[in-house]
Amino acid sequence: MNLLITTTQFTVFFLATGLFLPGASAGEDIDFQSQVAPIFERRCLSCHNDTDSQGDLSLQTATSSWTDGVIIAGDVESSYLVHVITPVDGQAEMPKNADSLSAEEIATVRKWIASGAKWPKEVTLREPEVTDFDWWSYRRIERPKVPAIHTSWARTSIDKFIQKQLDDHGLTHAAEADRRTLIRRVTYDLIGLPPTPGEVAAFVRSSDPLAYERLVDRLLASPQYGERWARHWLDVVKYADTHGYDKDKLRPNAWPYRDYVVRALNDDKPFSRFVQEQIAGDVLFPGEPDGILGLGFLAAGPWDFIGHVEVPESKLDGKVARNLDRDDMVSNTLNTFCSVTVQCARCHNHKFDPISQENYYGLQSVFAAVDRADRVYDLDPTIERRRYELASQLADLRKQKSALETEITKAGGPRLKELQQTIAELQSARKIVKEPEFGYHSGLANQPDVEKWVEVDLGQDVAISRIVLRPCHDDFGGIGAGFGFPRRFRVQVAIDDDWHPVLDRTADNVSNPGVSAFAIENVNQTARKVRVTATKLADRSGVFILALAELQVFTDDGMNAALGAKVASLDSIEAPVRWRRQNLTDGKWATDTDPARSQQLSNFTRERDRLLKQVMTPERTSRQAKIAETITRIEEEQTSLPTGRHVYAAATQFPSRGQFHATKGKPRTVFVLNRGDVQTPGPVAVPSVLPLSSTSNGQLDSKLSEADRRAALAQWLTDRDHPLVWRSIVNRIWQYHFGHGLVATPNDFGRMGALPTHPKLLDWLAAEFRDGGQSMKQLHRLIVTSSVYRQSSEHNEANAAIDGSNQFLWRMNRRRLEAEEIRDSILAVSGAMNSQMGGPGFYLFNLEKTAHSPHYQYHKFDPTDTASHRRSIYRFVVRSQPDPWMTTLDCADSSQSTPKRSETLTSLQALSLLNNRFNLVMAERFANRLRAESPTRSEQVAQAIRLITQREPTDWEHEELVEYSNQYGLDNMCRYLFNLSEFVFLD
């Protein structure tokens, strides 16, 4: 827009449009607060406020409005504000991406400027809060009367509501679909797989008047029903098996939630119970596995690994990450169960719906103590409570240990502190070199006090003067130097077949020697064998081991009699070349590249140990021993507790990981953030649910515990009188059967969403579902046995002229199969389907782990891998790098809620179905199946058509396909059939 418009041009424009009103003359007073302020608040303030000041312009206070000629009192035409709100060719520059101000609003602003632009200094504008609850979705659900329509077409009450709308709009319904179409439609809708030729033939031939109803009951009772409908639910809740964001690390324990959804649907769990388990199952149903498994819902969405694990919560990025994490929980809950766009209120009051920032942050406060982590779900709750009690005791003991060490250092004076600092610096400066042969490594033990031994046979009696143990060095788990060195041990020599001790360190813990040699001087024994027995093993990430790089046995002349000697042991992991028994005497161990530094380290360590011995009073020694003993006992009890199985879910108790620490159930303080900015906190938010009427603010008792807050939210969601929840779920199920919902915006029942096409039917279904046991299977049965569902998809020109989008359902909608249905159908007809249910997801990629983030390499995956031939619901879903083949077929984006998938038609889809390696492999498997089941080419072609289309081939099709397969091979014919529209589209 050209802003250099002359006064004459503006005058001509406003005369032509009728906007240059007589009242716009200078001198006419306009009341700013009642006339102008509402316009600025409603149309301008969301972008032009003192915080955002987009375009360096704020209209929140008077002093912020007079710069750079934005508003020039008394000069309308020179005021920049007038230029940007004035339409040119029907559209103004401001408000951006929104409707222009009305002619009356523009005239009011012009009058105000002309009259002097008076703005009282005490007036600060605020964004308006929508408080009007008079909207269809907020109204109480009352069961409407079923229309009194008498027609043989109407099998169910649903049909009568549909017939009423058809009659009101002058529409007719379509005829009933043929039986082959019906069984194909309802089988795909309910279980996501094609019916077999035998099932189709039996249904088509059946004379049973209830054959269709029996078919529906069989499908609903199939375990494959839960697999199909869980996919719809997981689309909505943003389920995936990786975190997302830039590192997109794996979630190896996400899958139990997916299996929970499958099982809950198959068990036909009442919907209120299903909802409550996913918000507060651990509180409302303690001791029940599903009460924890359901909490995978709150952890299903993306999660910022860096913002939580690598950045402390006190830093800006940490605050942002946790704010966004709570936002995901709030939006997932309210979008999924209520179809409300509550997230719009994160930065400002909702523009269209009665949701304020206070309401939004009140919901965040409900989740203020919750994080996402692995938690046990199949153990007695008392075990978990004991685990957390022990963890708390251990943390306290480690604080005591640290305090005692500080006390000892202080008692040792400046020299001890200096030595400790010098030793730490020397250790960090070391550069270690080592051969591929690391040393000897015992078998793994689950407890630290399991004895392990290893011995060296010198071949003959040797006069031993000195024994040296060389520690290992390994980067496993970050342990580094001293890997596996025993915490307590004894060294013995064999004299006349009797073992004699030369060192006993079984009463106290031995410090990690790093790469320094552990020497036993003045042995002065003649013996043939030397044995090291560990009585307390070293910790190796939760398991316990004995590891030594080298055992040296020196004679008086300095010769190592053990070099190359035979080694025996209780056990050994024997993982050449790094670990094996014989490495103990091969003369190889990790060394510091600077021998002088190693000698310095040894000297300073000895001096430190002498000083420590001087300051270690009996009281300190006793206290240190008691702390160490208690820590050991608690660690041993922790290890002995059953570990159980884990699910990635909402949690308040979990081990710390980097900067990521559990709240232990103590809610964080949540503020109402000005413009959603964590750097500009406002008042403390009060835990709340959404108000559903003008007489409620939705606030909960601020003293409620973390658990009670979620329980209150779960009970609010499932309240019988909740107007949103019951409408939301029946609308979702309706949509998946008909292609569009009774409300076309399934995640938005607000003023910016669509209006219901059949409001009375929606409320009748909601009331029927809510009051009839909340059975989703019964709701499916009610829908798919209706006449409206059984219609054909035949076109009717007269009806299309009235209702081109078929929103009133005068025919059935045709649809393309979803990506998972296509893949699963290919597996089913080819005979490759592995019907195993549940468990960890299978990969459709080669996984390459790196220090920063995993690489998901789809191009390296072998589609002949039978482990991947399971239903697509069980595939491992990657957020940042989704499967290219599935994405081409419009698979859901797991980084966002997908209440309704896109359905595109592209050439890339046809090319993928023709040339993707999976299709090529399955075409070969399909051909092999046909050869095994049918002896002749003619019968093979006929069976292929039956499996692909669930009908008999026409004579022409049969003839053409036989000729094609004879010329190009049966494999290529199968590949061709996977591309039939009749295979991937459903009438």
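A salt bridge is taken here as a side-chain nitrogen of Lys or Arg lying within 4 Å of a carboxyl oxygen of Asp or Glu. In the predicted model described here, the side chains of Glu-142 and Arg-140 meet in such a bridge, with a distance of 3.1 Å from N to O.

The chain has 33 helices and 24 strands, and its C-alpha trace spans about 115 × 95 × 55 Å along the principal axes. When contacts between residues at least 6 apart in sequence are considered, 74% of them join residues at least 24 apart. The accessible surface of the protein chain comes to about 43500 Å², and carbon and sulfur atoms account for 50% of that area.

Charged side chains were examined next. The protein chain carries 117 positive and 130 negative side chains, and the centres of these two sets lie 3 Å apart. A search of the whole structure finds 71 salt bridges. One of them joins Asp-189 to Arg-815, whose closest N and O atoms are 3.2 Å apart. Because Asp-189 lies in helix 6 (residues 179–191) and Arg-815 lies in strand 21 (residues 815–816), this pair ties together parts that are 626 residues apart in sequence. Both Asp-189 and Arg-815 are buried. The two residues also belong to a network of salt bridges, in which they are linked with Arg-228, Arg-231, Asp-235, Glu-818, Glu-820, Glu-821 and Arg-901.

A further salt bridge is formed where the side chains of Arg-951 and Glu-957 meet, at 2.8 Å from N to O.

Burial was then considered for individual helices. Helix 23 (residues 776–784) has nine residues, and seven of these are buried, so this helix is largely enclosed by the rest of the structure. The buried residues of helix 23 are Met-776, Lys-777, Leu-779, His-780, Leu-782, Ile-783 and Val-784.

Gln-940 lies in helix 30, which covers residues 937–949, and its relative accessible area of 6% places it among the buried residues, for which the limit is under 20%. When residues up to four places away in sequence are not counted, Gln-940 touches Leu-930, Arg-931, Ser-934, Pro-935 and Leu-970.

Methods: Residues numbered from 1 in each chain as written. Predicted model: local features only at pLDDT ≥ 70, side-chain atom pairs only at ≥ 80, totals over all residues. Heavy atoms only, no water. Helix = DSSP H or I, 4+ residues; strand = E, 2+ residues; numbered from the N terminus. Buried < 20%, exposed > 50% of the residue type's maximum accessible area, 1.4 Å probe, protein only. Contact = heavy atoms within 4.5 Å. Areas by Shrake-Rupley, 256 points an atom, 1.4 Å probe, with all protein chains shown as cover. Lys, Arg positive; Asp, Glu negative; His and termini not counted. Charge placed at Lys NZ, Arg CZ, Asp CG, Glu CD.
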